Amino acid sequence: MCMAPVQTLHESRRPINVADEQERIAQLERALAREEQRAAQATGQCHAQFPES
């Protein structure tokens, strides 16, 4: 007899606040833009320091 654990998934619906979710998306997009700019600067510095790569 094989006793394997059985997992069940329970979904529950909850209403969302659209305005809050839109603000959260906007914050994430601003953070992404900042990080992309930082990455581009770091890449530029790397290419300036090591031009052969």
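This is a predicted model: local features need pLDDT of at least 70, side-chain atom pairs count only at pLDDT 80 or more; totals for chains, interfaces and linings use all residues.
1. Gln22 has its place in helix α1, where helices (H or I, at least four residues) and strands (E, at least two) are DSSP runs, numbered from the N terminus. With a relative accessible area of 52%, Gln22 is exposed; buried means under 20% relative accessible area, exposed over 50%, and partly exposed in between (1.4 Å probe, protein chains only).

2. Residues are numbered from 1 along each chain as its sequence is written, and side-chain values use heavy atoms, with hydrogens and water left out.

3. Along the principal axes, the C-alpha atoms fill a box of roughly 65 × 45 × 10 Å.

4. Helix α1 covers residues 18-49, which is 32 residues. From first C-alpha to last it reaches 46 Å, close to the 46 Å expected at 1.5 Å a residue; the expected span is 1.5 Å times one less than the number of residues.

5. At the start of α1, a side-chain oxygen of Asn17 comes to within 3.0 Å of the backbone nitrogen of Ala19. Val18 is in α1 and is partly exposed, at a relative accessible area of 47%. Val18 and Gln49 are 31 residues apart in sequence, and their C-alpha atoms are 46 Å apart in space.

6. Cys46 also belongs to α1. Its relative accessible area is 38%, which makes Cys46 partly exposed. Between the C-alpha atoms of Cys46 and Ala26, 20 residues apart along the chain, the separation is 30 Å.

7. Of the 53 residues in the protein chain, 0% are buried. The accessible surface is about 5700 Å², and 55% of this belongs to carbon and sulfur atoms; the areas come from the Shrake-Rupley method with a 1.4 Å probe.

8. The mean positions of the 6 positive and 8 negative charges lie 6 Å apart. Lys and Arg count as positive, Asp and Glu as negative, with His and the chain ends not counted.

Technical notes:
The place of a charge is taken as NZ of Lys, CZ of Arg, CG of Asp or CD of Glu. A polar contact is a pair of N or O atoms within 3.5 Å; within protein, one must be able to donate a hydrogen and the other to accept it, and residues adjacent in sequence count only if both atoms are side-chain atoms.
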